[in-house]
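Keep the structure in view as you read.

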Amino acid sequence: MKRALVSVSDKTNLVEFVSGLTQLGYEIISTGGTKKALETAGISTISISEITHFPEIMDGRVKTLHPNVHGALLCVRDNESHVKQLKEHEIDYIDLVCVNLYPFKETVQKPGVTHEEVIENIDIGGPSMLRSASKNYRYIPVICDPQDYDAVLSELRENQETSPATREYLAAKVFRHTARYDAMIAEYLTARANVKFPESFTVTYDKVQDLRYGENPHQAAAFYQNMNPQYSLANAKQLHGKELSYNNIQDGNAAIEILKDLQGDCAVVGLKHMNPCGVGIGKTMEEAWDKAYEADPVSIFGGIVAMNGEVNESVAEKLSKIFLEIIIAPSFSDAALEILTKKKNIRLMVLDTNLEPSSKQKITYVNDGLLVQDIDDKKITAADLTCVTKRQPTEAELEQLLLAWKVVKHVKSNAIVLVKDNMTVGVGAGQMNRVGAAKIAIEQAADKASGSVMGSDAFFPMSDTVEAAAAAGVTAIIQPGGSIKDQLSVDECDRHGIAMVYTGVRHFKH
């Protein structure tokens, strides 16, 4: 009689699977809660203690860590010496293993969970059995995912055994499963130990979905999320529209990152190709949308919109009049949904904008390596600014300068942003020189450049950007400062009566 070792925390479809095994003549070895669940369902099992001839001890911490278990799992069955030793020690084969692990992730996420509870949910015996059996997958199918139950049963019913290809597939999944589990534990303990950049960097993500393609149709892609997504696109719920694409996810993420810096106001972000094309602040969501749209009504076509307040009927009417890829908001009124869901392809996403961001580090992949850095969450207030020109900015200019600073942080370097009346009026992104970015922003702003303020992600090593700003009618500039030629720009500002403030912080975005 063949024997199956079954010990699972996730009992989804367990009874149906094990019933199938017993119908195929398998004897079931089980432990603890799994044994109880199976016997409650009328399935006869053998206790693990009957195999080990040793009781479960230390509140179940030690029950499967025994040669009678691991010898049965690791025996190479066409190795005469292994088989001989198994017989000498009166160990019987185990022919199938079905194990999944203590719910570590779910435990960590429980409100008010204690460290002691988290530690108790670090599984030891489960990973050991999975690894032993998977190392020996030539002979033993190992199932750690309930989604594989039907396929395994189907093969067993048809062929009395699983194929080598199936066993290899299952073993690979097991090692991903245990690697993910160990990575979550390592991440938890590393954070507790306050180790920012450990000697080895291991992260784990769970697949959300396969994507139709990547940046271009010839590139395959998938979307994964980390262990505890919060204020991020990975935690958004889609209400309507076709599946997100690779570029949708990139753009949606970028829009949300800008929105995070605009908390406390009614704010709308319009975004295209990873750069903001319009940002508006208003007393109402409708006013904020009007400003974001007016900022660049051309570029917003086919773009992403993210807002930090409910989409109501009046806002929805305006949104519905142009083609948008995604709208992200904390909620949609029933009337708004009725209007927007008439558009077949638009994606409507709900995201709680009051959540705290969970990510503290940013990972950037390069060929054969990755870069890890702190998230750029540096914030400044008016008190952090240093005025370096003869003219001080007015209170109204200060408010606009701070908005420009919040936005320029999210624009690809070299970056220049013009702001006026609580909205962006010009955005120059991704240029090889700063004056080029300024010229793009000024050209986009056109007449609105007059009376606007300018934000720059980095210092001005020459006076040429100030010259362009002065010619366009810019009245105040915010920039990091720190060039050895800072005085050239200060003098140019003084010649034109422009106020300039330094932040002492820069926001390069490569």
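The report below takes the cysteines first, then the charged patch, then the tyrosine.

This is a predicted model, where local features need pLDDT of at least 70 and side-chain atom pairs count only at pLDDT 80 or more, while totals for chains, interfaces and linings use all residues. Residues are numbered from 1 along each chain as its sequence is written, and side-chain values use heavy atoms, without hydrogens and water.

A disulfide is a covalent bond between the sulfur atoms of two cysteines. The search counts a pair of cysteine sulfur atoms within 2.5 Å. Across the whole structure it finds 0 disulfides.

Buried means under 20% relative accessible area, exposed over 50%, and partly exposed in between (1.4 Å probe, protein chains only). Cys493 is buried, at 0%. Cys266 is partly exposed, at 22%.

Now the charge. Glu310, Glu313, Asp334 and Glu338 form a patch of negative charge on the surface. Such a patch joins like charges within 9 Å, from residues with over 30% relative accessible area and no salt bridge (a side-chain nitrogen of Lys or Arg within 4 Å of a carboxyl oxygen of Asp or Glu). Glu338 is exposed, with a relative accessible area of 54%.

Last, the tyrosine. Tyr169 is partly exposed, at 43% relative accessibility. Tyr137 is 32 residues from Tyr169 in sequence, and their C-alpha atoms are 9.4 Å apart in space.

Key. Patch = residues over 30% accessible without salt bridge, like charges linked within 9 Å, V, L, I, M, F, W, Y side chains within 5 Å. Areas by Shrake-Rupley, 256 points an atom, 1.4 Å probe, with all protein chains shown as cover. Lys, Arg positive; Asp, Glu negative; His and termini not counted. Charge placed at Lys NZ, Arg CZ, Asp CG, Glu CD.
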